Amino acid sequence: MGMTMAEKIIAGAAGKESCKAGDIETVTLDRLMSNDGTTHLTIDMYNNLKNPHIADVDKLVWIVDHNIPADSPKTAASQKKMRDFAREHGIRFYEGEGVCHQIMMENHVRPGELIFGADSHTCAYGALGAFGTGVGCTDYLYAMVTGTSWLLVPETIRFNLNGKLNEGVYARDLILTIIGRISANGANYKAMEFAGPGLATLTMADRISICNLCVEAGAKTALMEVDDIALEYLKAHGREPKAIFKSDEDANFAQVIDVDLSEIKPIVAKPHFVDNIVDAKECQDVKIDEAFLGSCNNGRLEDLRVGARIIKGKKVAEGVRFLVVPASRAVYKEALKEGILDTFMEAGAMVMNPNCSVCWGACQGVIGQGEVLISTGTRNFKGRAGHKDSFVYLASAATVTASAIKGTIATADMV
Amino acid sequence: MGKIFKFYKDVDTDQIIASQYLLYPTIEEMKGHTFESLNADFAGEVKEGDFVVADENFGCGSSREQAPSVLKALGVKAVIAKSFARIFYRNSINIGLPVIVCKTLPDEVEEGDDMELNLKEGVITCNGKEYECTKLPDKMQEILDMGGLIASLNK
């Protein structure tokens with residue numbers, strides 16, 4: 001019996017020839033990412049260990065991105081703890097440089113790696129053929145101290161992509177459609193693998209957006225076949241693959257789902273569940289108070305370009321706040337150079353520093369009671385963006401920008 | 001014997017403990033805000049030995065370990081749900097909070113019902129009816145028995 005990509009990566013990390021879904025393997029991790037959401041607690045636990053030590057400090061990457069700049073003395077204290085510890089132990093440390101997953105994609109992730117991230121959207125790394133999975137701080141600490149962990153080898157749902165997305169339809173619409181189809185726990189414990197001829201029509205920005213959101217279907221990881229587009233991205237960022245894996249022809253998939261990209265339409269996920277999807281046009285009577293373009297899902301240069309094209313020469317609707325947040329410093333600088341940030345500023349948007357921003361729901365752009373947000377963020381659960389009685393709609397960069405202009409939920413062809 | 005606090009399906013970890021409290025220095029300072037958006041009285045009313053019962057996919061969303069940690073800190077003895085999201089499930093075992101899959105119980109009990117859990121035997125008793133708990137994989141039972149993953153590092 002052949003193996004899936006997930007099985008091959010885990011077998012390699014376990015030092016074995018093979019493994020299969022359902023096995024529990026002890027694995028050596030290639031990289032360990034942690035951010036300011038939980039690292040202060042990791043440090044407290046570390047300091048309480050009998051014999052605290054770090055197995056391989058070169059594998060650690062710590063990123064302050066969730067609540068930066070700090071919003072309160074408590075946040076400042078937790079971030080200081082993280083900063084001081086990183087400095088003391090020589091841990092690779094980023095602060096204010098961007099959202100952790102974008103930083104990881106730009107600087108660290110390599111095909112074939114097995115990566116733990118103390119953040120659920122670590123599955124984004126599959127866009128480069130790496131097995132990224134989210135963990136809590138106890139799992140993180142154990143891996144930091146021992147260099148290893150245990151993993152239940154996941155079953156794989158394989159998505160065969162065919163055709164091409166139509167003009168005005170984006171990767172975000174595709175992954176929301178898939179989550180709606182399989183439901184919010186449709187891939188619980190499983191790997192979501194993407195392959196097929198349609199993959200070649202998707203840019204790296206599209207691919208990261210797709211893999212990133214797979215945890216919203218419960219997935220343990222997302223994986224994409226590594227092709228020339230992925231290798232070019234890697235080369236442009238000065239890195240080489242660790243290993244390139246592909247699922248075997250006779251690999252055992254839990255399910256195979258064919259997706260025709262040309263059938264995807266602009267989609268909105270309505271409150272309060274990511275799988276509560278409808279055709280975006282069905283929401284055109286919904287009045288919005290705020291729009292957010294950014295996050296690890298849609299804050300890349302390609303997403304900002306889409307928004308800028310739509311809003312150029314137009315204005316943000318009266319009474320609407322439009323927050324535009326590049327996903328990293330690199331994205332910010334490039335957008336500045338291309339005049340994209342100018343376009344947004346002239347239209348009346350607020351351009352913020354690279355960070356998790358509205359998607360984190362506790363720092364910038366928090367919404368109040370009864371308010372409505374349309375967002376390229378990752379989640380729309382009750383209270384995710386602020387007050388418990390507020391409403392979050394999720395959509396593509398194009399739909400979010402068009403809605404900011406119109407003041408009601410709108411697709412790009414409506415403005 | 002403990003009381004049941006009941007929740008619905010797809011309760012995500014943001015709703016267990018919201019982002020705005022996660023960077024507080026300690027779990028002790030966060031725990032008063034547990035389930036704030038769903039049941040503002042929860043943190044004040046829950047007592048040592050009480051239970052959280054939920055429908056499918058409990059603990060989906062963010063990987064924040066603060067979610068099981070605040071439940072444990074408030075004295076919640078176990079969470080019983082039809083199913084759990086994987087990161088929450090793993091985090092709970094790692095910190096020594098029992099998480100129990102039971103497909104039938106959540107539909108047959110009400111908020112405020114008294115319930116008893118015999119963790120060793122894997123049996124729940126509620127309203128005169130016995131429910132068998134789904135067993136943990138050996139690896140996870142071993143971690144739970146040790147008192148969590150950190151305890152294994154301190155051996």
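# Briefing: chains A and B

Chain B holds nine helices and seven strands. The model is predicted.

**Overall build of chain B**

- Chain B has 155 residues and a radius of gyration of 15 Å. A compact globule with 155 residues would have a value near 15 Å, so chain B agrees with that expectation.
- Along the principal axes, the C-alpha atoms of chain B fill a box of roughly 40 × 40 × 25 Å.
- Of the 155 residues in chain B, 52% are buried.
- Among contacts in chain B with a separation of 6 or more, 67% link residues 24 or more positions apart.

**Where chain B meets chain A**

- Chain B gives 34 residues to the contact, and chain A gives 42 residues.
- By class, the side of chain B that touches chain A has 12 nonpolar, 13 polar and nine charged residues.

**A sheet in chain A**

- Five strands of chain A form an open sheet, with parallel pairing. Their order is β4-β3-β2-β5-β6.
- Which strands stand at the edges? They are β4 (92–95) and β6 (131–134) of chain A. Each has a single partner strand, so one side of each is left without a neighbour in the sheet.
- On average, neighbouring strands of this sheet are turned by 20° against each other, direction ignored.
- Strand β3 (residues 60–64) of chain A runs parallel to β4(A), and four bridges join them. Val61(A) has Arg92(A) in β4(A) as its bridge partner.
- Helix α5 (residues 137–146) of chain A packs on the sheet. This helix touches β2 (31–35), β3 and β5 (114–117) of chain A. The direction of α5 makes about 140° with that of β2(A).

- Ala6(A) sits in helix α1 (residues 5–13) of chain A.
- Is Ala6(A) buried or exposed? Ala6(A) is buried, because 30 other C-beta atoms lie within 10 Å, and 20 or more is the cut-off for a buried residue.
- Beyond residues up to four places away in sequence, Ala6(A) touches Phe131(A), Val153(A), Pro154(A), Thr156(A), Ala191(A), Thr221(A) and Leu223(A).
- One of these, Thr221(A), is 215 residues from Ala6(A) in sequence. In space, the two are 8.4 Å apart, C-alpha to C-alpha.

Notes:
Residues are numbered from 1 along each chain as its sequence is written. Chains are lettered from A and ligands numbered from 1 in the order in which they are written. This is a predicted model: local features need pLDDT of at least 70, side-chain atom pairs count only at pLDDT 80 or more; totals for chains, interfaces and linings use all residues. Helices (H or I, at least four residues) and strands (E, at least two) are DSSP runs, numbered from the N terminus. The radius of gyration is taken over C-alpha atoms; the globule rule is 2.2 Å times the number of residues to the power 0.38. A residue is buried if 20 or more other C-beta atoms lie within 10 Å of its own, exposed if 12 or fewer, and partly exposed in between; C-beta atoms are placed from the backbone. Two residues are in contact if their C-beta atoms, placed from the backbone, lie within 7 Å. Ala, Val, Leu, Ile, Met, Phe, Trp, Tyr, Cys and Pro count as nonpolar, Asp, Glu, Lys and Arg as charged, and the others, Gly among them, as polar. Two strands pair if DSSP finds at least two bridges between them. Axes are lines fitted to C-alpha atoms, for helices over the stretch in contact, and angles run from 0 to 180 degrees between N-to-C directions.
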